[in-house]
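Please keep the sequence and the coordinates at hand while reading.

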Amino acid sequence: MTSQYRWGMVVDLDRCTGCGACVVACQAENNVAICGKKEISEGRNMHWLRIERFWVGQYPDVRARFLPVLCQHCHDAPCEPVCPVYASYHNPDGLNGQVYNRCVGTRYCGNNCPYAVRVFNFYNHEWPNPLDNQLSPDMTVRTRGVMEKCTFCIQRIRRAKEDAKSENRTIRDGEIQPACAQTCPTDALVFGNMADPRSRVAILSRSPRRFRLLEHLGTHPSICYLKGGGREHV
Amino acid sequence: MKRRTFLQLGTVIAAGAVLDGCRSKNEQLIPYLIPPDEGITPGKGTYYASSCNACPAGCGILVRVSEGRAKKIEGNPEHPINRGKLCARGQAVVQELYHPDRVPHPLKRNGPRGSGAFTRISWQEGIGLLTDRLKALQREQSTNGLALLTPHLRGTLAELTGRFMRTFGSTNHVSYELLTPDLLRIAARRSFGQPTLPYYDIAETRYLLSFGADFVDSHLSPVKYGSAFGEMRQGRDTVRGHFTYVGGRMSLTAASADRWMPAKPGSEGTLALGIARLILAESLYDSGALAMNGLEAKKLLAALDRYDLPRVAQLSGLPQGAIAEVAREFASTRPALALAGEMVAFQSNGPESVRAVHLLNLLVGSLNRPGGIYPDAGSPSGPENSFAELIALIETMRGGHVKVAMIHGDPLYSVPPATGFHDALAKVPFIVSFSSLLDDTALHADLVLPDHAALESWGDVIPVAGTREPLVGLMQPVVEPLFDTRQFPEVLLATAHELGGRMAAALPDESYLELLKGAVRKQAGFGAGVDFEAAWVDLLQHGGLFKTKSVQPTGYRWSSDAPPPLPEDPDFAGDQKTYPFHLIAYPATAFYDGRGAPYPWLQQLPDPMTTVVWGSWVEINPETAAEHGIGFGDLVEVSSPQGTLRLPAVVYPGIRPDMVAIPLGQGHRGMGRYAQGQGVNPLALVARQGTKQQPAWNATRVRITRISGNGELVTAGHPQGSLRSELVEI
């Protein structure tokens, strides 16, 4: 199975301000559950995209750095070979997929993910009426016992593919934007086809500032980060 | 064709090709529960353009509606303010519409105030109760007994409320917001003779120097300036803009800075003048700009003589070397831009400190130039002393002269108790709230006439700032109203109609929509040949009127009679011995002034700097925390001359050791199940400074005491970040 698409993302850390708009966009787009205080205190938060914040140095020479972490869609994904029921699989476009109705909840994949981006439904979550009206019909609502994670908004990819197919063309650069990239005020997140060397994402991924998260593990992520640069005073 | 169908067809085209849904074969199998002429196709989203009113920035939004329900809010790519981008707060507005605790119908109080005991009544009865009270005031010839308190309103709604109060014969009409930019307007008037807020050309600048302006989280237009910041950093091939932040607490905005200068609170203006003096003394200024503004370098240098480097360094608590370096960089990197924000303005010497920053822009020739500041065209004029008006209203209420208070918004939460507002309001015999959730004010109201949610409302949204072209964003209902609610202006019109006489004559409009259309028609300046109905539909499709006939404000020019800015020494409530720490109450990224608190997405959104969820916290420097034996998450008592609060501590490396900070937005008594009882409201600590008619919310001193080891603090991440930063190489 080959595909002309290899979806990837570039995260420019020099642009990222850590504002959190992407986190809410992701939650809104993908029916990610609302978790209360108790659940989060148990470490059972349900975000597909989180912003890590690091403190570097000490007062007054201190810096805070932000790192948006979402599923890296690894090409050698540690989560895939451990799934006993093939719920975690690799699709032809290079996406690391998760089939919710196959998942039996062993949590092996979550355990094996070095980026800790897979979240498990420890509880059945509720959207008290009329809050359930906001649930997107494009996405299933996951129940207790199912592992879930970032899909690069695969529902948007599918729709664009169908559109492109009906017009007998390939998907244009910039035609698909996952919810996080679409809303990012500073344009820090760029999504596109890495297999097309002229796409914006491919051009950015060749920047000398590039690095991949935990590169030494050999997971070959689809997400490329660009270091913050420039003059530093601390 | 119905209007709704027409709009749907149009908006899909306007919103771009991506938005067109798939036509699956299943479409014919799903029965149409709703008649097809409503244009609803199961499984297919339709996008409606509207405007966000979650904060004064006024971004344009597209709401995805599927099967008659609003699903998701995205930025409107055509809107000049946000260009398709949207912040976390704007996206959560859909939860205002579907909040499970919305007030579904009018309510009448049937228990003691604040108990939350209400009975359901009809709209007819509700408006009847209000008009009876108003008629009584008219009979007694004491029409000034009516007060109307709202947030800052602009556009048609401001016009309508103004007309309502004027015709009724009451002067007690106050528009007040906690984070009002009044002080920035006062400063601009003193320096430039016009009260326009600044428009920052951040995208084109090469050196950004912010004095407490948190432009990516709360200052004026966060999405607009956040987007411009991204461009400043990486939008140009050869230039990466530099960013220096001055402020005692490292805010979310400051976290993106290349250099952070933790100046003592209240010393920011002095620091700006120190930088200005150095630029003048070393002749690094733009002589053309100085001459154009009628200033002489020599005279100015003499006026700033007191601000020599050693003294400024001592007052601001910063090293001399760093100040001199920033001054030289700022003056020699063109274009350079200096901003002053709320953290500076809400000090006792606020306006003069803001003016000191104006002077910096002038010295490097950044007024009305690319990469500099321009007068903003969003809302060139606005209230300049709404706080003084609020204080006057409080006095009137305290004297028992207000008989009926109509309140939109939640002042019981957002007005600091130190003003005496809470006691004064309790003396008003009849309070009407228009809140759509039972917030702190609605809980104390005698009558609740619930407003529509924003996504059910008509309106015009004029951005407070963030544009050089005047524009009007439009709000349209994207779904049918969920409950038996009515839009606030409709209630005003209905009340005027009921009152009859002069009131009915002054407010003859059938509906708010008619009034709105009339106002937009005037603003658009359509000629006689234009089919207004078609033009109106076109405006709604695109989200507003982005090209108006209004004139742009004239450029900034230093007033000939403006003295050089001279901020006095900062003044703080509480003596240093008993209260050793400065308190900063800053707007939380997720909640702004508290308006975001009822939405669970925002409660669950980890605070970017601390990763705290569902609660409040107090930020303490690690050194200070160690001295007081306070650990991460300990319960701490914070006391000021005004009040005492208990909340968990966050050991925060980015704050001065003599300062503590508490985010605003939590600590609601009401506001629905998600906000109620979460955290504390730091406004309870804020003291009012003397008799000045000027808000100085960041000029209070506090002391801290450790209470116990369990503050019930919940963070989404590890305090240091869950991956070690060496590992990820950032």
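The paragraphs below treat conventions, salt bridges, a helix and a domain interface in turn.

This is a predicted model, in which local features need pLDDT of at least 70 and side-chain atom pairs count only at pLDDT 80 or more, whereas totals for chains, interfaces and linings use all residues. Residues are numbered from 1 along each chain as its sequence is written, chains are lettered from A and ligands numbered from 1 in the order in which they are written, and side-chain values use heavy atoms, with hydrogens and water left out.

Side chains of opposite charge can pair when their charged atoms come close. A salt bridge is defined here as a side-chain nitrogen of Lys or Arg within 4 Å of a carboxyl oxygen of Asp or Glu. By this rule, 45 salt bridges are counted over all chains. One of them pairs E74(B) with R156(A), with the closest N and O atoms 3.1 Å apart. E74(B) lies in strand β3 (residues 69-75) of chain B and R156(A) in helix α4 (residues 154-166) of chain A, so this pair joins two chains. Helices (H or I, at least four residues) and strands (E, at least two) are DSSP runs, numbered from the N terminus. E74(B) is buried at 4% relative accessibility, and R156(A) is buried at 17%. The terms are set by relative accessible area: buried means under 20%, exposed over 50%, and partly exposed in between (1.4 Å probe, protein chains only).

Within chain B, R102(B) forms a salt bridge with E456(B), the closest N and O atoms being 3.0 Å apart. R102(B) sits in the loop between α3 (94-97) and β4 (107-109), and E456(B) in the loop between β16 (447-448) and β17 (459-461), so the pair ties together parts that are 354 residues apart in sequence. R102(B) is buried at 4% relative accessibility, and E456(B) is buried at 3%. Beyond such pairs, D12(A), R15(A), R209(A) and E231(B) are linked in a network of salt bridges.

Of the 14 residues of α8(B), 13 are buried. S283(B), which follows α8(B), has a positive phi near 50 degrees.

The domain assignment of chain B gives domain 1 (101-197 + 383-451 + 489-497), domain 2 (198-375) and domain 3 (581-727); such bounds come from an automatic or database domain assignment. The C-alpha centres of domain 1 and domain 3 of chain B lie 29 Å apart. Their contact (heavy atoms within 4.5 Å) takes 21 residues from domain 1 and 28 residues from domain 3. These two domains of chain B bury about 2,200 Å² between them, 63% of it on carbon and sulfur atoms. Buried area is the accessible area (1.4 Å probe) that two parts lose on being put together, summed over both. L179(B), F387(B) and Y413(B) supply 30% of the area that domain 1 of chain B buries against domain 3 of chain B, more than any other three residues. Two salt bridges are counted between domain 1 and domain 3 of chain B.
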